[in-house]
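Me: I would like to learn how to read a structure like this one, feature by feature. Please give the general idea each time, and then the case at hand.

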Amino acid sequence: MKNKIIKPKISYTEYFNIREIDYSIDNKEFDQDNIGLCEFDSITINSCIFNSIDFSNIRFDNIELLDCIFNNCDLSNKSFDKNGINRCEFNSCKLLGISFGNSSLKNISFNDCNLKYSNFYETKLENILFNNSVLDEGYFQELTLKNIVFDKCSLRKFSFLNTKHDIIDLCNSNIEDINFDLISIKNIEVDMIGAAMLSRYLGVIVKN
């Protein structure tokens, strides 16, 4: 599945140094110094790179993302609800409490990211890679899933609720205290230790 993810298509970028923003920002590169020149609200960001930015005090609302890369950024508690994100990468980013409710995510890679407490509610996810990332205490609820990979992730106390999906392999991820309902547990692939953990949802008692 990893090869099915289409990477961001960025032909070139220029360092952003203009205050005026129209309905879109294209082919720009941002860091902590120049991002303070603008507020992001109700725009499309296309083919841009964001490097080592703390978004805590930066307005970043109603954003559509296409072909973007975020490196070492802090987007904690930002909302991408009801928006579209396509062909984007998040690398070594802090995404605590990030919300993707009612959004559409396609061809997205989360590499070495912290998504603890993340919210995926009624989200459409297609071709998504969570690689070596933390998703503890977040949740998938009432989702549409297609081609989702968790590779060496932490899913402690993560919840899958009312979510139908194809096979999801959790064999090399930490699923301690993970939560499923009977709809969502179908097609979950785990190792023997994981099977013992998940048996409680089926009323199975495992003895030594």
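Me: Does Cys113 count as buried or exposed?

Reply: Buried means under 20% relative accessible area, exposed over 50%, and partly exposed in between, with a 1.4 Å probe and protein chains only. At 3% relative accessibility, Cys113 counts as buried. Cys171, with a relative accessible area of 31%, is partly exposed. Before going on: this is a predicted model, in which local features need pLDDT of at least 70 and side-chain atom pairs count only at pLDDT 80 or more, while totals for chains, interfaces and linings use all residues. Residues are numbered from 1 along each chain as its sequence is written, and side-chain values use heavy atoms, with hydrogens and water left out.

Me: How many disulfides does a search of the whole structure find?

Reply: A disulfide is a pair of cysteine sulfur atoms within 2.5 Å. The search of the whole structure finds zero. For Cys113, the nearest cysteine sulfur is that of Cys93, 4.8 Å away, and Cys113 is in no disulfide.

Me: How many helices and strands are there in the protein chain?

Reply: Helices (H or I, at least four residues) and strands (E, at least two) are DSSP runs, numbered from the N terminus. The protein chain has one helix and 17 strands.

Me: What share of the protein chain is buried, and what is its accessible surface?

Reply: Of its 208 residues, 48% count as buried. Accessible areas come from the Shrake-Rupley method with a 1.4 Å probe; for residues, only the protein chains shown count as cover. The accessible surface of the protein chain is about 10400 Å², and 45% of that belongs to carbon and sulfur atoms.

Me: What is the strand order in the open sheet of four strands?

Reply: In a regular strand the side chains alternate between the two faces of the sheet. The order in this open sheet is β10-β12-β14-β16, with parallel pairing. β10 and β16 (179–180) are the edge strands, each pairing on one side only. Three bridges hold the parallel pair of β10 and β12, and Asn119 has Tyr139 in β12 as its bridge partner.

Me: Which residues touch the most other members of the largest nonpolar core?

Reply: A nonpolar core is a set of buried Ala, Val, Leu, Ile, Met, Phe, Trp, Tyr and Cys residues joined through side-chain atoms within 4.5 Å. The largest one has 54 residues, and those touching the most other members are Phe40, Phe50, Phe70, Phe90, Phe110, Phe130 and Phe150. Strands that each supply at least two residues of this core include β4 (40–46), β6 (60–66), β8 (84–91), β9 (104–111), β11 (124–131) and β13 (144–151).

Me: What does Phe130 touch, not counting residues up to four places away in sequence?

Reply: Contact means heavy atoms within 4.5 Å. On that basis Phe130 touches Phe110, Leu115, Phe120, Leu135, Phe140, Ile148, Val149, Phe150, Asp151 and Cys153. For the protein chain, among contacts between residues at least 6 apart in sequence, 8% join residues at least 24 apart.

Me: How many salt bridges does a search of the whole structure find?

Reply: A salt bridge is a side-chain nitrogen of Lys or Arg within 4 Å of a carboxyl oxygen of Asp or Glu. The search finds eight. One of them joins Glu14 and Lys28, whose closest N and O atoms are 3.2 Å apart. This pair links distant parts of the chain, with Glu14 in strand β1 (residues 14–15) and Lys28 in strand β3 (residues 28–30), 14 residues apart. Glu14 is partly exposed at 42%, whereas Lys28 is buried at 17%.

Me: Where do Glu126 and Lys146 lie?

Reply: Glu126 forms a salt bridge with Lys146, the closest N and O atoms being 4.0 Å apart. Glu126 is in strand β11 and Lys146 in strand β13, so the pair ties together parts 20 residues apart in sequence. Glu126 counts as buried at 16% relative accessibility, and Lys146 as partly exposed at 43%. Elsewhere, salt bridges that share partners join Asp41, Arg59 and Asp61 into one network.

Note on methods
Pairing = 2+ DSSP bridges.
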